[in-house]
Structures are given as C-alpha cells and as structure tokens.
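Hi,

Here is the structure I promised to pass on.

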Amino acid sequence: MSKTTIPTGGIGADAITAAKIADDAVSEEHLDATAITGSTELAATPADTDEILISDAGVLKRLDFSHIKSSAGTQLVYADRSGDQSSISHNTWTKVEYNSEQYDPNSLFSTSNDRYVVPSDGRYYFHASANFFGQIKRLYAKFYVNGSGVSDTQYVLNGSFSSGTTYEFSMTIHGLMNLSQDDYVEAYVNLDIHSGTGTANQVGTQFLAFRLD
C-alpha cells in the first residue's frame, strides 16, 4: 500500500485537497460549532433564493428558502377613500373606488384602477365595505375577478322605502379565493334607486386583502 510522505516541516497551508479527504470523513465529530458561530450573521429574513442545507432521507440537498417560508398574512393591503364617490347610477354594476391606501408595503393595490393585483399563486381573503346614501330601495354587491363577477361573494340588502326620501345602505362582502399571479380583484355595487343617483360615503368605505397560504 502506498504511503503519503509528510514533507519536512509539516504540511503546508492548503496542501490537503478534496481528493485527499476520504468520503464521509467530515462528520459531527470533526465539525465544530464555530462553523456556525464564527460565520457572519444574517440579521434579516432570508431572501427567497437564499439556500439552506438539509438531509432528504439521508441525501444532502440545498433548499431555497422560498419553499419553506410561511406566506400566511403576507401580501397585505388596506385601502379606503378620500372623499365621497358620487353619481352612482341606477341598476348599473359600478366599481367601488378605493382611491387611498393606509397600508400597502409591497405596492399590490392600484389606486388608479381601484384593484388588488395578485402577486403570486395562492389562496387569499378579501373584505370590502362601503356606505351608500340616496333614494335607494335595494343594494347588490360582489367581488369581480379579472372583470367577471364572483357569484358566491354576492351580498343583497333589500328595503321597502318610499320615493322622495334619502336612505343610507351599508354593504360588506367577503371572499376566500384561489387565485393566480396577475389576477386582479375589485369590488362592485349595483343600486336600485327610486330616482337620482347614489353616493358612496368616504366613511366606512374600506378594502382589505391578504394571502392565507
């Protein structure tokens, strides 16, 4: 059997190459805690492309952080109105215009289009509310996805009110939807009005959305 000759003065720096280390020689016995404690701290949430080393049934693999991070409660927006939305016509599906944002750290809500744009595939929760006043006798509301109404989110409020008197109607709709990246979600209302038009009051007109998983 051939033997390795150690040169006079010992083994020089970087003289031991990977080819000279036996397979499975690096184990917990030879791995010191300073391999972790002596490394630079990542003092922030890992990026999606940061990698973690794991054992997959005994086989070492690298794993992107994006596959294990929790998405619950992320991609959150909260929008409302600045001022009233007037001139809502009778018996016409009209988009509720949420033109102001209170919270949108990832710029997911468009106040110019009054819509939430889905950033990634997943299941999302939506809430929308608004207060309307006018000579209203019935109110319908529902979410629209990509320009089409979602029937199972529809809300109906009936009244038996006489003509000539202004009434206030409030709507609240909720939706739990599986969506794909770049889908967009909007809230629409349809008012049955005795005469004139309806108005969405600034107060109580709110839109909330976040990803569940």
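The side chain of H90 has a polar atom 3.0 Å from the backbone nitrogen of I193. That is a polar contact in the sense used here: a pair of N or O atoms within 3.5 Å, where within protein one must be able to donate a hydrogen and the other to accept it, and residues adjacent in sequence count only if both atoms are side-chain atoms. Leaving out residues up to four places away in sequence, H90 touches L191, D192 and I193, with contact meaning heavy atoms within 4.5 Å. You'll find H90 in the loop between β4 and β5 (94-95); helices (H or I, at least four residues) and strands (E, at least two) are DSSP runs, numbered from the N terminus. H90 has a relative accessible area of 38%, so it is partly exposed. The scale is: buried under 20% relative accessible area, exposed over 50%, partly exposed in between (1.4 Å probe, protein chains only). From H90 to N158, 68 residues apart in sequence, the C-alpha to C-alpha separation is 15 Å.

Before you go further, some housekeeping. This is a predicted model, in which local features need pLDDT of at least 70 and side-chain atom pairs count only at pLDDT 80 or more, while totals for chains, interfaces and linings use all residues. Residues are numbered from 1 along each chain as its sequence is written, and side-chain values use heavy atoms, with hydrogens and water left out.

Back to the contacts, with Q85 next. Q85 sits in strand β4 (residues 85-88) and counts as buried because its relative accessibility is 5%. A polar atom of its side chain lies 3.0 Å from the backbone oxygen of K95. Not counting residues up to four places away in sequence, Q85 touches T94, K95, V96 and E97 on one stretch of numbering, as well as G198, T199 and A200. K95 also turns up in a network of salt bridges with R115 and E186.

Side chains of opposite charge can pair when their charged atoms come close. Three pairs to look at:

- R138 and D192 meet at 2.7 Å, N to O. R138 lies in strand β10 and D192 in strand β14, so the pair ties together parts that are 54 residues apart in sequence. R138 is partly exposed at 26%, whereas D192 is buried at 14%. D192 is also one of the residues that H90 touches.
- E51 and R62 meet at 3.1 Å, N to O. This pair links distant parts of the chain, with E51 in strand β1 (residues 51-56) and R62 in strand β2 (residues 59-64), eleven residues apart. E51 is partly exposed at 49%, while R62 counts as exposed at 64%.
- K61 and D56 have their closest N and O atoms 2.7 Å apart. K61 is partly exposed at 40%, and D56 is partly exposed at 36%.

What about the inside? The largest nonpolar core has 33 residues, and those with the most contacts inside it are Y98, Y116, F126, F132, F143, M171 and F207. Strands β3 (77-80), β9 (122-134), β10 (136-145), β13 (167-179), β14 (184-193) and β15 (198-211) each supply at least two residues of this core. By nonpolar core I mean a set of buried Ala, Val, Leu, Ile, Met, Phe, Trp, Tyr and Cys residues joined through side-chain atoms within 4.5 Å. In soluble globular proteins, nonpolar side chains tend to be buried together.

Two backbone spots are worth a click. Most residues other than glycine have a negative phi. S107, however, has a positive phi near 55 degrees; S107 lies in the loop between β6 (100-103) and β7 (109-110) and counts as exposed at 62%. N146 has a positive phi near 55 degrees too; N146 lies in the loop between β10 and β11 (148-149) and is partly exposed at 35%.

Last item: D48, in the loop between α1 and β1, is partly exposed at 37%.

Cheers

Notes. A salt bridge is a side-chain nitrogen of Lys or Arg within 4 Å of a carboxyl oxygen of Asp or Glu.
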